Amino acid sequence: LLNTLATFDGANDADSCSGSGSIRVTVDPNTANFGSFSQCATVVPDTPYYFGYHYVQAQSNGVECDVRFFSGTTCSGSPLSVSVFQSISYTVGSWLTNQGSLTSPTTAGSATIFCQLGGIGPAWFDQIYLNTVNRF
């Protein structure tokens with residue numbers, strides 16, 4: 001799910017794959033509303049997972065993603081846990097990587113990946129994954 005400040009950008013891609021593209025996020029300076037997107041996925045309880053993403057930013061401002069585990073399969077209600085993967089970097093114009101590991105709670109049935117811009121922007125996200133294998 002993309003909010004109005006997150007759009008598909010077919011011209012920018014972490015691996016320069018034609019037609020693949022990335023998600024571009026911006027901020028509305030009038031409302032301080034940050035571009036964001038999310039995706040719900042089913043998960044297996046008490047299982048090690050790897051999460052990662054590539055990103056590039058036009059200004060040094062940082063981006064952030066988090067993984068929220070839920071007890072049902074619809075990513076609704078109060079999260080059982082939240083793991084934040086924040087990327088604060090002064091590097092602009094080059095694709096960077098952020099990744100880490102986490103374990104799903106014993107009663108988890110789904111997880112939401114939520115990513116957003118952390119500053120003025122814009123920024124682009126690509127190859128976002130939540131998997132039991134640590135790779136893009």
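1. Let's start with F85. In this predicted model, F85 has a relative accessible area of 9% and is buried, because anything under 20% gets that label. Keep this residue in mind, since the next points come back to it.

2. Six aromatic pairs turn up in the structure. One of them joins Y49 and F69, with ring centres 6.4 Å apart and an angle of 50° between the planes, a tilted arrangement.

3. Now back to F85, whose ring pairs with that of F51. The centres are 4.9 Å apart and the planes meet at 55°, so this pair is tilted. F51 sits in strand β6 and F85 in strand β8 (residues 81-87), so the pair ties together parts of the chain 34 residues apart in sequence. F51 is buried, with 0% relative accessibility.

4. Which residues do ring pairs link into a cluster? The members are F37, F51, Y53, Y55, F85 and F125. Take a look at F51 and F85 in the viewer: the pair from the previous point is part of this group.

5. The charged end of R68 sits over the ring of F114, and the distance to the ring centre is 4.7 Å.

Notes: Residues are numbered from 1 along each chain as its sequence is written. This is a predicted model: local features need pLDDT of at least 70, side-chain atom pairs count only at pLDDT 80 or more; totals for chains, interfaces and linings use all residues. Side-chain values use heavy atoms; hydrogens and water are left out. Rings of Phe, Tyr and Trp (its six-membered ring) pair if their centres lie within 6.5 Å; planes under 30 degrees apart count as stacked, over 60 as edge-to-face and the rest as tilted. Helices (H or I, at least four residues) and strands (E, at least two) are DSSP runs, numbered from the N terminus. Buried means under 20% relative accessible area, exposed over 50%, partly exposed in between (1.4 Å probe, protein chains only). A charge sits over a ring if NZ of Lys or CZ of Arg is within 6 Å of the ring centre and within 35 degrees of the ring normal.
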